[in-house]
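This briefing goes through selected helices, strands and domains, chain by chain. The sequence and structure come before the notes.

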Amino acid sequence: MIREVVLRVKGLRKRFGDVQALNGIDFTCRRGELFGLLGPNGAGKTTTIRCICSIIKPDDGLIEVEGVSVASNPLMVLKKIGVVLEDGGLYERLTAEENMKLLAQLHGVEGSLIDERIDSICDTLGLGEYRKRQFKKLSKGNKQKVLLGQALVIDPPLLILDEPTVGLDVPTQKVIRDLLGKIKKERTILYSTHIMSEAEELCDRLAIIDHGRIVAQGTVNEICKKAGTKNLEQAFLKLVGRYA
Amino acid sequence: MLKGIGLIYRKEMWTALRERRTLIFLFLFPLLVWPVFVVLPWFLIGGKERRAQAQPSKVALVSAYPGLEKEFEASDKLQLVRLEDSVSAALQQRKAHCVVYVDSLASDSLVTYARILYDPTQTESRTAADKVELVLSQYERKIVIERLAQQGVPERMLEALSYRRENAMGQNQMLGYFLGLIIGMFVVMGSMMGSMAVVIDSTAGEKERKTLELLLTAPIPRSSIMFGKYLAGVTFAFISPILTALGMSLAASFVVPVLVSSGGSVDLSGLISPGKILIILLVILLMAAFIAALQMTVAVRAHSNRQAQTYLAPLNIIVVIPIIFLQIIPALPPNWTFFIPFVNVMLLLRGLLMDTLPGSAVLYTVASNLVFLILALRFASRSFGSEKVLLN
C-alpha cells in the first residue's frame with residue numbers, strides 16, 4: 001500500500017551570497033515514515049529544514065506539507081510541524097512545563113489538552129521530577145528531552161528533528177531513539193543526522209545530501225546497493241566523495 | 001494575530017521579571033539609587049553650611065586699627081586668629097577661614113580700605129567672608145553715626161529706605177522648580193535603562209540562545225512576534241520613568257526644605273494638577289514607545305547580548321548629552337527645540353513643573369514623538385522581516 005505523502009520537497013534552491021547552499025533538493029516523506037537526511041557538515045541539511053519551517057525563504061522550489069504550500073500558506077504549514085532545531089534552546093527562566101505550554105499555546109492547542117499532553121510527555125521522557133524546574137537548571141540531556149517535548153506537545157503530523165542526539169550521553173540517546181521508534185508509526189518524522197548507526201537503526205528511508213544536492217535516496221539497502229558497499233557508512237563516504 | 005502578540009508579550013514579561021538585572025534597573029535604580037544620589041549632595045552641602053553658620057569663623061585680621069579689632073573680638077560669629085603663614089597657606093590649611101587686610105590711612109582720609117581674602121571653593125571660607133562683611137558694615141554704620149553726631153545730625157537721617165528680601169515662593173513652587181531642574185534627565189535615562197535589558201534579551205539574547213529560530217517556527221505572523229516583544233519593551237520603558245519620577249519627587253520633598261532652610265519635608269499632594277499629570281503620562285508613553293522601537297531596531301541587528309550593549313551604548317550617550325547640556329540652562333528654549341526627541345520631553349516636564357511652558361510645546365512634543373515613533377517602528381519591522389538580520 002502506498003502511503004499518503006506528508007512532505008513534498010521539489011527543486012529547492014537557496015543561495016547565501018556566493019554560496020549555493022541548496023541546489024535542487026527533491027524528496028518526499030510519507031505518513032508513518034521516518035525519513036533521514038544524512039550529510040556532512042555544511043551539506044545543506046539545516047538549510048533544507050529552515051526552508052521547510054519558513055525560517056528562511058527558498059529562492060526557488062516547492063515545499064508542501066499535507067498538500068499545503070509553504071510559499072502560499074506558511075502559517076497553516078507551521079501548524080502541522082513540530083521542530084527540534086540543531087543546538088536549539090528554550091527559555092531559560094521558564095520551567096520545562098512552561099516552555100512546553102508556551103509552544104503549545106502558540107500552536108493553538110486547546111487549553112484542556114495541553115496539560116494532558118504535557119503529563120503524558122513527561123511520563124514518557126522521564127521528566128516528571130524536572131517539569132517544574134527552570135530550563136537553565138536542567139542537564140543537557142533533560143534539556144534535549146524538553147526540546148523534544150515541546151515539539152511533541154503540539155501533536156504534529158510532521159516532526160522535524162535536526163541532529164537531536166548530538167552531544168547527549170548514551171542513556172539519553174537511547175531514550176530518544178526508543179521514543180522515536182515508538183512514535184514513528186503515528187506520524188511522519190524528518191530526521192537530520194550525521195550519525196550512521198542512528199540512521200541505519202531508525203530510518204525507513206533516507207537521503208544523502210552533499211553540496212546542496214541529494215546524491216542518493218532510498219532505503220539503507222538501496223543506497224548500499226547503489227554505492228556498491230556493504231554498509232551505510234561506506235556508502236556515505238563513497239557517495240560524498242570522501243572514500244579512498 | 002492579537003492572541004500571538006499576547007502570548008509573546010506575556011512570555012517576555014514573565015521571563016524579564018524573573019531576571020535580577022531587570023528588577024534592579026526597574027525598581028532599585030529609580031526608587032533608591034538615583035534619589036539617594038540626588039538627595040545626598042544637598043544634605044551634605046546643607047549640613048556643611050549650617051555648621052559653618054553655627055560655629056564662629058576663624059578670621060585673621062591684619063590691621064593697625066584697634067577699633068576694628070575690638071569689633072571683631074566682640075562678635076560671637078568670629079574668632080580672631082594670628083596669621084603666621086602666607087594667606088594662601090593659612091586658607092589651605094584652614095588655620096584661618098578668611099584674612100582681612102585693612103590698609104593704612106592717610107591722616108586726612110575719611111575712608112578706610114579693607115580687603116577680605118577668602119577661598120570661594122570652601123563653604124566655611126565663603127561663610128566667614130559673609131560674616132566679616134556683616135561685621136564691617138555694622139562697624140561702618142557705627143562710625144558714620146558718630147561722625148554725624150559730631151556734626152549735629154541725628155541718626156534717623158541715615159534711614160531713607162528700609163527693605164528686606166523674602167522668598168515669595170511657597171514650598172510646593174520650590175519643589176516644582178527643583179523637580180523641573182532634575183527630573184527630565186532622569187526620566188529619559190530611566191526610560192532608556194528600564195527597557196534596554198528587556199529589549200536586548202528579547203532580540204539579540206534570543207538569537208544568541210537560539211530560541212528566536214524556534215519562535216519563528218510558531219504559526220503566528222512575524223509581526224506578532226515583533227509586537228509582543230516590542231510591547232514588553234514599551235511597558236518597561238514606560239514604568240521605569242514613572243517610578244523614577246516618583247523616586248525623584250520623594251527625594252525633592254526632602255531637599256527643598258533644606259534649600260529654604262525650613263526643615264521637615266514637603267507635602268507632595270497638589271504639586272501638579274490632574275491635567276498636567278495626564279499630559280506627562282501621555283508624553284512619557286510616546287517617548288517609551290519611541291525608545292523601545294529605537295532600541296529594538298538596533299538590538300535585533302546584534303547577534304549577542306554583549307554586542308547589542310555595545311551597539312546601544314553610543315545611542316544612550318547621544319541621547320543623554322544634549323539633555324544634560326540643556327538641563328542646566330534654565331532659560332526658556334526656542335519653540336523648535338520641542339521637535340527634538342528626548343530633549344522635548346525633558347523641556348516639557350521642566351516647563352510643566354516650573355509653570356513656564358509655552359502653549360504650543362505640548363502639541364510640538366506629541367507630534368514630534370509620533371513622527372519619530374512611526375519611523376522607528378518601520379525600521380524595527382523591516383529588521384524583523386529580514387532573514388539576514390534575524391539569522392546573522
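In this predicted model, helix α4(A) is followed by A:Gly126, which has a positive phi, near 70°.

**Helix α4 of chain A**

- Helix α4 of chain A covers residues 111–125, which makes 15 residues. From its first C-alpha to its last it reaches 21 Å, close to the 21 Å expected at 1.5 Å a residue.
- The buried residues in α4(A) include A:Ile114, A:Ile118, A:Ile121, A:Cys122 and A:Leu125. Viewed down the axis of α4(A), the buried residues fall within an arc of 100°, so they line one face of the helix.
- Exposed residues A:Ser112, A:Glu116 and A:Asp123 sit on the face of α4(A) turned away from its buried side.
- Three helices of chain A pack against the buried residues of α4(A): α3 (96–106), α5 (140–152) and α6 (170–183).

- Chain A has an open sheet of 4 strands in the order β2-β1-β4-β5, with antiparallel pairing. The edges are taken by β2 (19–30) and β5 (68–69) of chain A, each with a single partner strand, so one side of each is left without a neighbour in the sheet.
- Strand β4 of chain A, residues 60–65, pairs with β5(A) over 2 bridges in the antiparallel sense. A:Val65 has A:Val68 in β5(A) as its bridge partner.
- Helix α1 of chain A (residues 45–52) lies across β1 (5–16), β2 and β4 of chain A. Its direction is at about 115° to β1(A).

**Domains**

- Chain A is divided into domain 1, made of 1–80 + 158–166 + 184–244, and domain 2, made of 89–155. The C-alpha centres of domain 1 of chain A and domain 2 of chain A are 26 Å apart.
- In chain B, domain 1 takes in 2–46 + 171–390, and domain 2 takes in 55–158. The centres of domain 1 of chain B and domain 2 of chain B, taken over C-alpha atoms, are separated by 54 Å.

**Helix α13 of chain B**

- Helix α13 of chain B spans residues 361–385 and has 25 residues. Its reach from first C-alpha to last is 36 Å, close to the 36 Å expected at 1.5 Å a residue.
- Buried residues of α13(B) include B:Ala361, B:Thr365, B:Asn369, B:Phe372 and B:Leu373. Also buried in α13(B) are B:Ala376, B:Leu377, B:Ala380 and B:Phe384.

**B:Trp34 and its surroundings**

- B:Trp34 belongs to helix α2 of chain B, residues 20–54. B:Trp34 counts as buried because it has 21 C-beta neighbours inside 10 Å, where the cut-off is 20 or more.
- Leaving aside neighbours within four places in sequence, B:Trp34 is in contact with B:Phe29, B:Phe186, B:Thr244, B:Gly247 and B:Met248.
- B:Trp34 and B:Phe186 are 152 residues apart along the chain, yet their C-alpha atoms are separated by 8.1 Å.

**Strand pairing in chain B**

- Strand β1 (residues 57–62) and strand β3 (residues 98–102) of chain B run parallel and are joined by 4 bridges. B:Ala60 has B:Val99 in β3(B) as its bridge partner.
- Strand β3(B) is also joined to strand β4 (residues 114–118) of chain B, by 5 bridges, and these two run antiparallel. Opposite B:Val102 stands B:Ala114 in β4(B).

Note on methods. Residues numbered from 1 in each chain as written. Chains lettered and ligands numbered in written order. Predicted model: local features only at pLDDT ≥ 70, side-chain atom pairs only at ≥ 80, totals over all residues. Expected span 1.5 Å × (residues − 1). Buried ≥ 20, exposed ≤ 12 C-beta atoms within 10 Å, placed from the backbone. Arc of directions from axis to C-beta. Contact = placed C-beta atoms within 7 Å. Domains from an automatic or database assignment. Pairing = 2+ DSSP bridges. Axes fitted to C-alpha atoms, helices over the stretch in contact; angles between N-to-C directions.
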